[in-house]
Amino acid sequence: MKVPFYGHVKQYQNIQGEIDANLREVLMSGQYVMGPMLKKFEAQSCEYFGCKHAIGVGNGTDAIWLVLMALGIGPGDEVITHPNTFFATAEAIWIAGATCVFVDCDTTTRCIDPAKIEAAITPRTKAIIPVHLYGQCADMPAIWAIAAKHGLQVIEDNAQGIDGRGDTFRQGERSAAVATSFIIQKNLGCFGDGGMVFTNCDEINATVRKLRNHGSAQRDHHSFGFNSRLDDLQAGVLSAKMRHITAWTDQRIALAKRYDAGLAGCRHIALPVCRPGYRHVYHLYEIETRDASRRDALVKFLCDAGIDAKTHYSIAIHKQAGFPWGKPFRIAGSVANAEKNAASCVSLPMFPELTPAEVDAVVAQVRAWDAAQG
Ligand SMILES: Cc1ncc(COP(=O)(O)O)c(C=O)c1O
């Protein structure tokens, strides 16, 4: 059986009437940029995520650096994150002009390890960007405690963690802002690029709203700014999809449990770990080969069998080759866990429309590979 990695078309077909109705509404309104559908989706987002302000922007990368800029973080400042995330987390820090400081990840969740953060803090440190990697919240209470002790801002990179929460906390509760991405492959994905900033802070809200719109809050009045707006057609798609996000997350969790049960006992792979009480939204179902040198063989084995397996992300950011002008980052201590994650990660198909039979087909192939390893 062939098993795809994404189910974008299936998802559209399942709720086509709702999406088409919203698209028609936008098209007939004649207002496609900063129009009523964007306002409606922003209000809907505030209500759903329980935050004071939601600002639609061009993409998830912009969502991060627009917040950094609104906080006045830039050249000469350092921002702490971890290197086993998507490149854009660090890229956003660089776009803001700051230096990225990498600390290691936790060995079980692969999110930033709070125990490694304090040693990386210097007088130049201004913020921490934890990433809710693969869909599980970072240990926010520990991170908020460190930030409060050292007077640092926290910006949560929630591109992979929408609809997630911890055992005792909600995302963004004590952070300056939460930044998310709506690119199609995310758990809440539009039909192109999109992003959002969530914040309870009136000043960040006002500044990001201006920055995204050429520095303008009033017609013909401008300060320094950019063009990074979520357009109304994408907002219409997202508004329709938002009604389903809880059910889709529940479906992802059920599929993850099926993977967990099917893959239990495999000797050559490690399964994802969900912290007790957390709502892990399984943006990705990420396993690791215990022996990193066998990872590429597992991906090839699965792809040859028709299972679309991928890696997220096979090169840690500090190991990328694209820094011809010198390294815009500092590594604080060992990042061996992050490097191990990059070298051994394998993403199995995971989307709400995946069928139990498809999960079972993936499980059978992974088990076959595992058994052949001895
Ligand atoms: C962890 C993480 N941060 C940031 C981004 C950037 O989002 P975008 O591609 O919408 O700019 C992504 C995804 O693309 C991501 O996975």
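Visitor: Which side chains meet in a salt bridge at 2.9 Å, N to O?
Guide: Glu118 and Lys149 do. Keep in mind that this is a predicted model.

Visitor: Where do those two sit in the chain?
Guide: In distant parts, 31 residues apart. Glu118 is in the loop between β3 and β4 (125-128). Lys149 belongs to helix α6, residues 140-150.

Visitor: How many salt bridges does the structure hold?
Guide: The count is 20.

Visitor: And how many across the interface of domain 1 and domain 2?
Guide: The rule finds 4 there.

Visitor: What does Arg330 pair with?
Guide: Arg330 forms a salt bridge with Glu78. Their closest N and O atoms are 2.8 Å apart.

Visitor: Back up a bit. What are the domain bounds?
Guide: The assignment gives 8-242 for domain 1. Domain 2 covers 245-372.

Visitor: What separates their centres?
Guide: 24 Å, taken over C-alpha atoms.

Visitor: How many residues are in contact on each side?
Guide: Domain 1 brings 48 residues, and domain 2 brings 42.

Visitor: What about buried area between the two?
Guide: About 4,000 Å² is buried between domain 1 and domain 2. Carbon and sulfur atoms give 55% of that.

Visitor: Which three residues of domain 1 supply more of its buried area than any other three?
Guide: Phe102, Tyr134 and Asn187. Together they supply 19% of the area that domain 1 buries against domain 2.

Visitor: New topic, the ligand. Which residues come nearest?
Guide: There are 14 residues around the ligand. Gly60, Thr61, Asp157, Ser181 and Lys186 come nearest.

Visitor: What is the distance from Ser181 to a ligand oxygen?
Guide: A polar side-chain atom of Ser181 lies 2.7 Å from an oxygen atom of the ligand. For Lys186, a polar side-chain atom is 2.9 Å from a ligand oxygen.

Visitor: And Gln160?
Guide: An N or O atom in the Gln160 side chain is 3.0 Å from an oxygen atom of the ligand.

Visitor: Now backbone geometry. Which residues does a cis peptide bond join?
Guide: His312 and Tyr313, with omega about 5°.

Visitor: Where is Tyr313?
Guide: Tyr313 is in the loop between α10 (295-304) and β10 (329-331).

Visitor: What is the phi of Met34?
Guide: Positive, about 55°, although Met34 is not a glycine.

Visitor: Which loop holds Met34?
Guide: The loop between α2 (16-29) and α3 (36-49).

Technical notes:
Residues are numbered from 1 along each chain as its sequence is written. This is a predicted model: local features need pLDDT of at least 70, side-chain atom pairs count only at pLDDT 80 or more; totals for chains, interfaces and linings use all residues. Side-chain values use heavy atoms; hydrogens and water are left out. Domain bounds come from an automatic or database domain assignment. Contact means heavy atoms within 4.5 Å. Buried area is the accessible area (1.4 Å probe) that two parts lose on being put together, summed over both. A residue is near a molecule or strand if one of its heavy atoms lies within 4 Å of it. A polar contact is a pair of N or O atoms within 3.5 Å; within protein, one must be able to donate a hydrogen and the other to accept it, and residues adjacent in sequence count only if both atoms are side-chain atoms. Helices (H or I, at least four residues) and strands (E, at least two) are DSSP runs, numbered from the N terminus.
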